[in-house]
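Biologist: I would like to learn how to read a model like this one, feature by feature. Where do we start?

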Amino acid sequence: MRTGLPLTRDDARDCPAYLAVKARPWLITAARLATYEPLMTFALKPLMAALDQVEHNRHPLEEVLAELRHSRGAFGRGRPAHDGLVEWTAEALIRYLDRREADQHDRVAAGEPRTEAVPEEWVVRNRLPDHASPDARGARLYERTAWGRRYASADGSVRELRLLSFGSAKKERPEAETAAAAFVAAFGEPCRSVYDVELMRTKAFEVVTPYDRMVVPQRVRIIDVGCGDGSAELLAERSRDEAQSSYDQHTRPVLGRVLDAAERRPGNSCVECPGAGRCPALPSQAGLVGLPAPRRNRKRRSLSASDLRAYTDCPAKYHLTRELNLRTARPENQAIRRGRAVDAVLNERHAVRRSRGCRGLPAPATSAWPGLDEETVHVCEAMLAQHAAVCPLDRLGATEEVRVQATVTAYDPTLDVVLIAKPDLLHTRRGGWIWRETKTTGSRIFEGKPVLEIHPQLALAVLLMQTGELAEGDRRRSRIELELLHEEDSDRLEIDPWQPDVLQEARRIVGEAAGPWLEDTAYTAAPGTACENCEALDWCRVGQAHQVEQAD
């Protein structure tokens with residue numbers, strides 16, 4: 001059994017059964033899954049490799065930056081990184097080292113010992129005696145790890161584990177995760193990882209310094225570092241006894257549930273799960289998207305309406321923001337912030353499930369509109385009033401099912417793609433399923449274009465309605481609804497996903513965007529109007545040049 005920090009987060013969006021499988025790295029799938037990826041998809045890998053060169057191999061920063069760009073982040077191993085990721089990594093490397101040096105200076109000035117980078121991983125290992133039978137889980141060895149940058153004082157009395165975040169440093173993480181990190185830092189043996197190339201699986205960690213011969217740390221620090229802005233937050237500073245106590249209280253119960261879990265919960269976990277193709281909880285339909293299999297098998301991917309929009313705007317934007325999760329902290333415009341605020345209020349109200357829905361409710365408190373000007377707040381309140389008149393929960397039977405922002409998932413084995421959506425509201429009514437999408441807008445429905453084309457999430461909804469429990473409902477009473485909220489009134493449009501021409505139109509719209517996406521291996525930047533508000537513009541030289549050209 002091997003558990004890392006991601007397994008301690010107790011996130012309701014994760015699939016418990018998948019996490020249980022992930023904790024068992026020696027399991028072998030009946031059929032090998034495709035692993036090919038044209039570009040590096042682990043965004044922090046180039047940064048970790050660059051930091052290894054600086055901190056462990058003592059290479060000058062300028063030399064490492066040159067090699068980063070020359071090797072496109074691979075440093076002689078693995079797949080190359082996208083040019084945008086290379087630029088982000090160069091900035092993050094400098095920020096990280098500057099923050100580390102500043103923190104080191106401050107601690108030494110306060111009379112604390114200097115710390116140096118530790119190349120070996122810290123792993124807490126518990127092995128059953130060789131003569132003993134495996135335990136009830138079938139395990140003989142338990143390994144607990146904590147991925148990050150490791151540092152220790154010369155005498156080994158102080159250990160420091162730095163966890164990396166993409167943007168700003170997290171001020172807090174789940175207590176079970178922080179406690180797990182502190183526990184590994186306090187009790188972990190220095191180890192190196194080993195990989196079995198033939199079986200394509202990890203081996204047990206190889207101990208470099210056994211526990212009984214290592215210097216026992218007396219104090220550990222867990223620090224979160226923001227790679228996007230160089231910020232840092234001290235999450236925990238604990239003695240060994242405190243680390244043990246916190247682990248026993250917060251982490252041990254979580255890991256116990258993870259290791260013994262069997263519940264299947266379809267969602268984003270399906271993308272990585274080796275059993276997704278045979279999972280009874282994941283709706284599956286060959287040819288669901290209506291596209292032929294791609295020319296080359298690639299590692300399984302997910303596809304959402306946000307993915308389609310981002311890829312249509314620019315392939316480079318999709319790869320950097322959707323696959324690598326790299327986003328500049330750019331302020332959102334008032335229209336986007338207005339939509340988010342109204343959505344948040346509606347989600348909160350719908351989750352309460354009043355018999356009259358949103359009818360008769362007073363205007364929200366001013367705290368519901370953070371950062372919005374007075375005029376925008378007035379528009380938001382007017383939109384809520386317009387929604388109240390058409391709220392689908394008004395007089396909805398008490399036995400009907402209501403799901404707010406629930407994840408809907410389906411698998412297309414032809415493409416090896418997991419389709420994912422989160423409808424604003426999903427509920428039953430007299431045996432049918434109703435999928436409601438609510439949008440705030442300053443204009444009415446545009447009649448010159450198909451509504452599925454204007455709102456591709458509706459086209460994806462049509463496809464998802466064809467599978468699983470949504471398809472099993474009474475089709476005469478099942479539908480997709482689009483609610484458009486204006487300041488003065490609202491529009492509501494109904495879509496019948498079972499009409500052949502509607503399904504054909506949905507497949508056309510999804511296919512026109514997903515077809516090129518399936519085959520793309522370069523994610524080349526496509527400069528245009530999307531550059532203006534692109535969250536990846538800071539690392540896209542093509543987009544920056546386009547902006548300069550437009551300004552001239």
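Modeller: With burial. Buried means under 20% relative accessible area. Keep in mind that this is a predicted model.

Biologist: Is K317 buried or exposed?

Modeller: At 15% relative accessibility, K317 falls under the 20% cut-off, so K317 counts as buried. K317 belongs to helix 8, residues 315–323. Beyond its neighbours within four places in sequence, K317 is in contact with A310, R322 and C534.

Biologist: Next, aromatic rings. How is a pair described?

Modeller: By the distance of the ring centres and the angle of the planes. A search of the whole structure finds 7 aromatic pairs. Take Y318 and W517: their centres are 6.4 Å apart and their planes stand at 85°. Planes over 60 degrees apart count as edge-to-face, so this pair is edge-to-face.

Biologist: Which elements hold Y318 and W517?

Modeller: Y318 sits in helix 8 and W517 in helix 14. The pair links distant parts of the chain, 199 residues apart. Y318 and W517 are buried.

Biologist: What kind of pair do Y318 and Y523 make?

Modeller: A tilted one, because the planes are at 45°, with the centres 5.8 Å apart. Y523 lies in the loop between helix 14 and helix 15 (541–551), so this pair ties helix 8 to a part 205 residues away in sequence. Y523 is buried, as is Y318. Ring pairs link Y311, Y318, W517 and Y523 into a cluster.

Biologist: Which charged ends sit over rings?

Modeller: Two cases. The charged end of R301 sits over the ring of W517, 4.1 Å from its centre. The charged end of R201 sits over the ring of W26, 4.9 Å from the centre of that ring.

Biologist: Now the nonpolar cores. What is the general idea?

Modeller: In soluble globular proteins, nonpolar side chains tend to be buried together. Here, the largest nonpolar core has 46 residues, and W435 and L452 have the most contacts inside it. Helix 14 (residues 500–519) gives the largest share of this core, 9 residues. A second, separate core has 45 residues, among them L163, A186, F187 and I222.

Biologist: What is W435 in contact with, away from its neighbours within four places in sequence?

Modeller: The contacts of W435 include V408, A421, P423, L425, L426 and A461. Others among them are R479, I480 and E481.

Biologist: How do I read a strand such as strand 18?

Modeller: Check burial, then partners. In strand 18 (residues 432–440), 8 of the 9 residues are buried, so the strand is largely enclosed by the rest of the structure. Strand 17 (residues 425–429) pairs with strand 18 in the antiparallel sense over 5 bridges. L425 stands opposite R436 in that pairing. The hairpin of strand 17 and strand 18 has 2 residues between the strands, and R430 takes a positive phi near 50° there. Strand 18 also runs parallel to strand 19 (residues 479–485), joined by 7 bridges. T438 stands opposite E483 in strand 19.

Biologist: And a whole sheet? What is the strand order in the open sheet of 5 strands?

Modeller: The order is 1-4-3-7-10, with mixed pairing. The edge strands are strand 1 (2–3) and strand 10 (206–207), each pairing on one side only. Strand 1 runs parallel to strand 4 (residues 141–145), with 2 bridges between them. T3 stands opposite R144 in strand 4.

Biologist: Which helix lies across strand 3, strand 4 and strand 7?

Modeller: Helix 5 (residues 175–187). Helix 5 runs at about 85° to strand 3 (121–127).

Terms used: Residues are numbered from 1 along each chain as its sequence is written. This is a predicted model: local features need pLDDT of at least 70, side-chain atom pairs count only at pLDDT 80 or more; totals for chains, interfaces and linings use all residues. Side-chain values use heavy atoms; hydrogens and water are left out. A nonpolar core is a set of buried Ala, Val, Leu, Ile, Met, Phe, Trp, Tyr and Cys residues joined through side-chain atoms within 4.5 Å. Buried means under 20% relative accessible area, exposed over 50%, partly exposed in between (1.4 Å probe, protein chains only). Helices (H or I, at least four residues) and strands (E, at least two) are DSSP runs, numbered from the N terminus. Contact means heavy atoms within 4.5 Å. Two strands pair if DSSP finds at least two bridges between them. Axes are lines fitted to C-alpha atoms, for helices over the stretch in contact, and angles run from 0 to 180 degrees between N-to-C directions. Rings of Phe, Tyr and Trp (its six-membered ring) pair if their centres lie within 6.5 Å; planes under 30 degrees apart count as stacked, over 60 as edge-to-face and the rest as tilted. A charge sits over a ring if NZ of Lys or CZ of Arg is within 6 Å of the ring centre and within 35 degrees of the ring normal.
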